[in-house]
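Thanks for coming, everyone. Let me walk you through one structure. Please have a look at it first.

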Amino acid sequence: MSGENPRSHFSSSNIDLCKIGIVGFGCDVNSSFLRNTAEAPPLIRNAFSCPSSNLWSESGLDLGKEDIFFDAGDVWPNLNEDWMDVIEASISNLLAHALYPLSLGGDHSITYFIARALRRRYPKLSMLYIDAHPDLYDQFDCNKYSHASSCARIMEDRLVDRMVQVGIRTLNGHQREQAARLKVEICEMKDWHDQIEFNLETPIYISVDLDGLDPAFAPGVSHPEPGGLSTRDVIDLIHGLKQPVIGADIVEFNPGKDVHNLTAMVCAKLLKEISSKILESALSCEIKGQIVDSAA
Ligand SMILES: [Mn+2]
């Protein structure tokens with residue numbers, strides 16, 4: 001470990017020097033089956049700074065250095081607030097400080113509200129959506145903001161130019177129709193191979209639902225679906241992206257279903273590798289914000 005206090009690595013005093021804005025959303029009100037993903041953000045933070053590992057990414061970046069992460073803390077539901085606006089405003093605030101937002105969920109419904117904020121900043125944007133589920137229901141349990149409908153909302157509102165989904169293995173008839181109608185590009189798990197190329201040409205936002213991984217690797221989820229990606233598959237996929245990565249979320253970790261903290265550690269590992277990828281993108285630009293300008 002490079003620091004004295006292993007739990008302080010997200011903290012930094014100067015928001016304007018940092019590159020990545022971390023925010024947790026303790027939101028599971030749009031979950032359709034089980035709750036408890038709201039408990040995830042602090043556990044992912046703990047796993048990130050757990051002294052069982054170090055803070056270096058596989059690409060050789062020391063994520064324990066100062067002025068990488070600005071920690072905006074965790075946002076918790078307040079029945080008197082419009083929760084959707086709170087998420088969108090939280091991301092907008094990070095973007096206003098030229099930070100690349102990295103959100104810890106919470107259920108997958110948060111991604112739609114994150115994308116609403118991102119779209120105002122990024123006129124060209126692709127989303128890489130790693131999940132067992134396409135989340136394309138027109139509505140689920142009479143809830144149009146369900147975590148099972150987030151991609152339908154994102155595509156209807158044209159919040160991304162391309163939506164590429166990986167790990168999908170639960171398509172039904174309705175969602176196949178929705179995917180065709182909304183032009184979602186789905187790499188079904190049955191067709192997955194590790195040399196796959198998506199040829200993304202715009203900045204990329206990554207959304208990782210832990211159930212995209214096989215439950216053998218990430219058992220702490222509400223909807224375990226056998227036959228999924230390995231942790232290595234996901235890391236290699238992230239490493240292989242050629243366009244700048246401008247933000248991400250890590251969602252649907254259900255601590256109540258975890259085994260020996262395994263899924264929390266997977267979240268932390270993905271947090272490190274995604275952060276490293278974001279930093280590589282940021283460092284390749286001499287001035288913060290150049291990615292935005294070049295994408296216009
Ligand atoms: Mn899912």
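**Loops, helices and a core**

I start with Arg158, which lies in the loop between helix H4 (150-156) and strand E5 (162-168). A word on labels: helices (H or I, at least four residues) and strands (E, at least two) are DSSP runs, numbered from the N terminus. Residues are numbered from 1 along each chain as its sequence is written. And this is a predicted model: local features need pLDDT of at least 70, side-chain atom pairs count only at pLDDT 80 or more, and totals for chains, interfaces and linings use all residues.

Back to Arg158. Its phi is near 55 degrees, a positive value in a residue other than glycine. Most residues other than glycine have a negative phi, and most peptide bonds are trans. Is Arg158 buried or exposed? Arg158 is exposed, because it has 9 other C-beta atoms within 10 Å. The cut-offs are these: buried is 20 or more other C-beta atoms within 10 Å of a residue's own, exposed is 12 or fewer, and partly exposed is in between, with C-beta atoms placed from the backbone.

Next, His260. His260 lies in the loop between E8 and H7. His260 has a positive phi of about 55 degrees, and is not a glycine. His260 counts as exposed, because it has 9 C-beta neighbours inside 10 Å.

One more loop. Gly106 is found between E3 and helix H3 (110-121). The peptide bond from Gly105 to Gly106 is cis, with omega near 10 degrees.

Now the whole protein. It has eight helices and eight strands. The C-alpha atoms fill a box of roughly 50 × 45 × 45 Å along the principal axes. Of the 296 residues, 49% count as buried.

What about helix H1 (residues 40-48)? H1 is mostly covered: seven of its nine residues are buried. Among them are Leu43, Ile44 and Phe48. The cover includes strand E1 (20-25), strand E2 (69-75), strand E3 (100-104), strand E8 (245-251) and H7.

Take Ile44. Leaving aside neighbours within four places in sequence, Ile44 is in contact with Leu104, Ile250, Phe253, Ala264, Cys267, Ala268 and Leu271. In contact means that the C-beta atoms, placed from the backbone, lie within 7 Å.

On to the core. A nonpolar core is a set of buried Ala, Val, Leu, Ile, Met, Phe, Trp, Tyr and Cys residues joined through C-beta atoms within 7 Å. The largest one has 86 residues, and those with the most contacts inside it include Ile20, Ile44 and Cys267. Which helix gives the most to this core? H7 does, with 11 residues.

Last, a helix pair. The axes of helix H6 (residues 231-239) and helix H7 (residues 262-283) come within 10 Å and cross at roughly 10 degrees. So H6 is roughly parallel to H7, a label for angles under 35 degrees. The H6 side of the contact includes Val234 and Ile238, and the H7 side includes Leu270 and Ile274.

Notes:
Axes are lines fitted to C-alpha atoms, for helices over the stretch in contact, and angles run from 0 to 180 degrees between N-to-C directions. Angles under 35 degrees count as roughly parallel, over 145 as roughly antiparallel, 65 to 115 as roughly perpendicular and the rest as oblique. Two residues are in contact if their C-beta atoms, placed from the backbone, lie within 7 Å.
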